[in-house]
Amino acid sequence: MCSKNLVQITSKITALAKSGSISCARKLFDEMPHRDTIAWNAMISGYSQLGFQKESLSLFSSMRFSKENPDHFTYTAVLSACAGLKDIKFGQGFHALVIVSGCSSFLPVNNALIDMYGKCLRAEEANRVFEEMGLRNEVSWCSILFAYVNVGLLDISKTIFFDMPKKVVVAWNTIISGYAKWGEIELCLELFKKMLKEHSCRPDQWTLSAVINACSETNDPCYGFMLHGFIIRSGWHSAAEVNNSVLSFYIKFGEKNDVLKAVESLRICNEISRNVIIDAYMSIGNLEEAYLAFQRVPEKNLISWTSMITGYMRNGHAEYALRFFLDLIKSHIKPDDITLGTVLHACSNLATLGHGRMVHACVVRFGFHAYAYVGNGLVNMYAKCGDISNAYRAFNDVLNKDLISWNTMLFGFGLHGRSNQALRIFEEMLASNVKPDKVTFIGLLMTCSHLGLIEEGLSFFESMNSKFNLSPEIDHISCVVDMLCRCGKFEKAKEFADKYIGASDSKVSSLEVLFGSCFSFHGISDLGAGEELAGKLKILKPSDEMSYVLMSNLYCASGQWKRAQGLRKDMAERGVRKTCGCSWIEVRNCVTAFVAGSNEFPFMDQVRVMLCVVESETRYPVSTFWWDGIT
């Protein structure tokens with residue numbers, strides 16, 4: 001092939017790759033009878049720039065078996081591919097090849113090495129390359145800055161930033177977004193203020209996006225509101241990246257109208273924008289608009305599906321979250337740990353063991369069973385569905401157990417009445433150098449309460465402050481009060497509550513526990529105490545149903561029907577409504593809910609007939625009963 005044709009075909013390959021037609025570029029490349037180094041570089045770079053890192057590295061391997069030798073352009077491309085894959089083993093191997101080939105003196109190669117080590121969380125190796133460089137440019141400084149920011153070494157990052165000969169916009173963006181990523185919001189905002197004072201460098205859309213994201217992590221929304229005003233004045237409100245971050249900010253802090261205005265102000269929508277719009281509608285409970293926004297997404301990716309699944313979960317529609325997960329699997333899109341963890345939470349809420357096992361199969365199939373977030377979801381799902389054995393198996397599958405893993409398993413054993421296993425989990429947790437938190441002690445105290453372990457429960461309560469420096473809160477106090485009441489120590493429970501409770505909100509919670517205990521564990525013998533507690537609760541929470549309902553139940557239990565009827569009439573006059581009871585059942589992978597007082601179920605007549613049959617069988621049992629009509 002003459003050199004002119006070779007140049008022309010190589011230029012065409014480059015143009016096709018830049019336009020995104022990588023398959024056409026590869027076809028043209030494969031048809032070339034002779035390929036020089038430049039042709040190989042064009043194809044390898046094309047793959048790397050479009051995110052096809054594995055294909056880029058595979059083609060490099062093929063190049064090594066050809067007669068053409070890689071040059072510094074080749075190594076720059078393959079090192080970028082390693083950075084994209086975050087594959088340190090490949091990266092170190094290519095670093096060795098760079099040294100052997102004599103390309104270590106080229107500036108772009110060294111910059112690519114620093115970038116690769118930075119993205120692989122190897123800041124020290126990146127710094128070693130940086131220190132050995134004879135010549136550095138702005139890319140070199142920005143790459144080493146990113147390497148330290150990426151591993152959270154912010155003090156060193158700050159030193160590097162202020163040592164830079166010239167602070168370009170990319171450098172400002174790197175350190176500002178780094179401070180935001182690692183939770184140093186105040187320092188992030190201070191740096192942004194310093195940047196505004198720089199005459200040689202003005203913030204761009206990436207700067208503003210990073211800062212508004214940082215404002216979303218604060219407790220005070222005023223910074224975000226002020227920054228939004230600055231964005232509008234500076235003319236960046238038309239940039240998609242900025243608008244996406246502004247919308248995310250209003251999702252967290254804004255009222256319903258603010259969110260809707262932010263959605264309407266989106267002039268240019270990209271892939272991220274469409275997913276943020278779904279989140280926006282879900283955040284204000286507009287499920288219909290969220291669904292329509294999802295339908296308008298031209299190419300639905302994993303984030304689109306996950307936004308819908310998490311949105312339905314947030315709004316209390318676990319069954320829809322489950323349906324969307326099934327549709328996601330049918331679409332041949334691989335779920336990630338966030339998606340799987342969310343749908344496991346849906347199965348926990350619905351207590352649908354069949355669906356939970358199906359999701360567990362997906363977890364194993366896609367290799368996420370050892371992930372802490374997914375493993376914790378599996379433990380919680382199995383425990384809530386009554387399968388404590390599989391909950392414990394899922395717990396043991398988690399490689400790096402976090403505090404949530406231990407707490408979830410402890411709660412699971414406690415709620416299933418397995419006190420010995422729950423206490424053993426606590427001991428193993430301490431042996432693993434995991435420090436318990438306040439949630440841990442709620443689990444321990446609940447376990448002791450349900451099983452009547454008074455001495456152990458009081459010991460755990462005392463150890464919170466003395467041993468683990470944790471101040472008991474109302475939930476812990478309520479658990480102890482409940483525990484004492486369950487064991488018939490009502491007076492001691494009252495003394496304990498009076499000793500530890502001061503604030504009015506805490507008094508309410510404690511009174512509720514005492515009142516509930518008065519009915520649940522003492523019955524009609526404590527009618528006088530119940531009336532006293534009910535009177536106090538009515539004063540503190542006049543619109544709450546609990547005092548009325550439990551007092552009515554106490555009257556009924558003691559045979560005082562007229563007083564119970566009068567109390568319910570008083571509820572109606574005051575506009576206090578009792579929350580309807582609800583139960584559900586899973587039949588043939590379909591969950592059906594039944595609400596007390598509602599006749600909306602389409603097969604209610606058949607249900608009533610079956611209830612009569614069950615009642616008859618209970619009262620007058622026979623050896624066999626044939627029934628045809630309900631299946």
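## Helix packing, salt bridges and loops in a predicted model

Helices H2 (22-30), H3 (37-49), H5 (72-85) and H6 (88-101) are among the elements that cover the buried residues of helix H4. Contact here means heavy atoms within 4.5 Å. This is a predicted model, in which local features need pLDDT of at least 70 and side-chain atom pairs count only at pLDDT 80 or more, while totals for chains, interfaces and linings use all residues. Residues are numbered from 1 along each chain as its sequence is written, and side-chain values use heavy atoms, with hydrogens and water left out.

**The chain overall**

The protein chain has 35 helices and 2 strands. Both are DSSP runs numbered from the N terminus: helices are H or I with at least four residues, strands are E with at least two. Of the 631 residues in the chain, 44% are buried. Buried means under 20% relative accessible area, exposed means over 50%, and partly exposed lies in between (1.4 Å probe, protein chains only). Among contacts with a separation of 6 or more, 58% come from residues 24 or more positions apart. The chain exposes about 33300 Å², and carbon and sulfur atoms supply 53% of that area. Accessible areas come from the Shrake-Rupley method with a 1.4 Å probe; for residues, only the protein chains shown count as cover.

**Helix H4**

Helix H4 spans residues 53-65 and has 13 residues. From its first C-alpha to its last, H4 reaches 19 Å, close to the 18 Å expected at 1.5 Å a residue. The expected span is 1.5 Å times one less than the number of residues. Which residues of H4 are buried? They are Gln53, Ser56, Leu57, Leu59, Phe60 and Met63. They cover an arc of only 160° around the axis, which puts them on the same side of H4. The arc is that of the directions from the helix axis to the C-beta atoms. On the other side of H4, Lys54 and Phe65 are exposed.

**Helix H24**

Helix H24 covers residues 388-397, and its residues Ile388, Ala391, Ala394 and Phe395 are buried. They cover an arc of only 115° around the axis, so they lie on the same side of H24. The cover over the buried residues of H24 includes helix H23 (372-384), helix H25 (403-415) and helix H26 (419-431).

**Nonpolar core**

In soluble globular proteins, nonpolar side chains tend to be buried together. The largest nonpolar core in this model has 167 residues. Such a core is a set of buried Ala, Val, Leu, Ile, Met, Phe, Trp, Tyr and Cys residues joined through side-chain atoms within 4.5 Å. Met116, Ile176 and Leu227 have the most contacts inside the core. Leaving aside residues up to four places away in sequence, Met116 touches Leu79, Cys82, Ala83, Ile88, Gly91 and Gln92.

**Salt bridges**

Side chains of opposite charge can pair when their charged atoms come close. The structure holds 7 salt bridges. A salt bridge is a side-chain nitrogen of Lys or Arg within 4 Å of a carboxyl oxygen of Asp or Glu. The table lists some of them.

| Asp30 | Arg26 | 3.0 Å |

Asp30 and Arg26 both lie in helix H2, 4 residues apart, about one turn of the helix. Asp30 is partly exposed at 41% relative accessibility. Arg26 is also partly exposed, at 27%. Asp115 and Lys119 are 4 residues apart in helix H7 (residues 107-119), so about one helical turn separates them. Lys119 is partly exposed, with a relative accessible area of 30%. In helix H35 (residues 604-619), Asp605 and Arg608 are 3 residues apart, again about one helical turn. Asp605 counts as exposed at 54% relative accessibility, whereas Arg608 counts as partly exposed at 40%. An α-helix has 3.6 residues a turn, so residues three or four places apart point the same way.

**Loop residues**

Most residues other than glycine have a negative phi. Ala351 has a positive phi of about 55° although it is not a glycine. Ala351 lies in the loop between helix H21 (337-350) and helix H22 (353-366). Its relative accessibility of 34% makes Ala351 partly exposed. Asn469 also has a positive phi, near 55°. Asn469 sits in the loop between helix H28 (454-466) and helix H29 (474-486). Asn469 is exposed, with a relative accessible area of 63%.

Glu184 is in the loop between helix H11 (169-181) and helix H12 (185-197). Glu184 is partly exposed at 34%. Not counting residues up to four places away in sequence, Glu184 touches Leu154 and Tyr179.
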